[in-house]
Each structure stands twice: as structure tokens, then as C-alpha cells.
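I opened this entry to record what I looked up in the structure shown below. My notes cover surface charge, pairing of side chains and overall fold.

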Amino acid sequence: TIPDDVMLSIKTFTYNGGGLIGFHDILSTSLSKVFGGIGGVGWHESLNGEYELIIYDKDHPIVKGIPSKITILNEEHVYSRCDPKAHNILNFSFVTKENKIQTYRAAWTCRFGKGKTFAFMLAHRESTRYNPYIIKMVANAIRWMKQKE
């Protein structure tokens, strides 16, 4: 666990204009609201096989140079409700046991005070974290956070 004084420093930094990137289960921490989470984590599920990340907002700078669909393998997804003001960037789709396509938000941005945050709900597995497109997305997110608006 992260000490309360450190959490307060992170929140203050972001609120005052800093940028913050969170992965996988960040919404299960006290930073949830910073990332636009509401209501805690809904479920956390391990999925085997191939799954698609589908860009929702093709014009957002975070997905510049990223293909419209990225295939990932054997990932864990954290589903959580997020603030309606959070800006959806990427969806995650898979076929359920009932043979239906299920789609959830996989990544979004949020404003916290003067700061910007980027939440990516996957990246439990190393193969996802080190996927060149995911690395590029994180680099793009850092550049986006530095931009003044």
C-alpha cells in the first residue's frame, strides 16, 4: 500500500497541473477519482486467447501512429464504471462463452483539477505492457500531458 501522505502528494501534483498514467487495477486504489473512476472495481477477469483493442477516438493524440485494431493475447481486464466526463480512447472486445461480442472501455483520459490523467485498464501481462503499440501510446500520453490547453 501507498502511505496516505504520498497519495496526497500525488493527488496534489496532478490537481495542480501534473500528469499521471495508471494501469490495470489503478481504480482499486485511493487514486480512483483522479483517473475518473466511480464506484470502485466492478470485476477483474482473466481471459485466454486473442482479443482486440479498438481505437474509439481516432483523432486523439494518444493514439497517433497506432493501428485502429491491436490484437493482444491472454490478458486480464478490470471493468469499472468511470465518470461520464472521462474521454474514451480505446475499447476492448472479446467473444463471451455465450458466443456474444462484449465490449468495454480499455483506456480513457480524465481531467483532475488542472491536471491530466490517462487510465489503461489492461497491461497485467508482460506481453501487453511491452507491446510496441502500447509503449507508443504511453509515450504519446506523456507528450499529450505536457501540452498546454
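**Surface charge**

I looked up Lys-146 and found it exposed, because its relative accessibility is 64% (exposed means over 50%, buried under 20%, partly exposed in between, with a 1.4 Å probe and protein chains only). The model is predicted, so I note that local features need pLDDT of at least 70 and side-chain atom pairs pLDDT 80 or more, while totals for chains, interfaces and linings use all residues. Residues are numbered from 1 along each chain as its sequence is written, and side-chain values use heavy atoms, without hydrogens and water.

I placed Lys-146 in helix α3, residues 132-146 (helices are DSSP runs of H or I with at least four residues, strands runs of E with at least two, numbered from the N terminus).

**Salt bridge**

I counted one salt bridge (a side-chain nitrogen of Lys or Arg within 4 Å of a carboxyl oxygen of Asp or Glu). The partners are Lys-69 and Glu-52, at 4.0 Å from N to O. This pair links distant parts of the chain, 17 residues apart: Lys-69 lies in strand β4 (residues 69-73) and Glu-52 in strand β3 (residues 50-55).

**Fold**

I recorded three helices and eight strands in the chain, in the order α-β-β-β-β-β-β-β-β-α-α along the sequence. Of the 149 residues, 44% are buried. I also noted that, among contacts (heavy atoms within 4.5 Å) between residues at least 6 apart in sequence, 63% join residues at least 24 apart.
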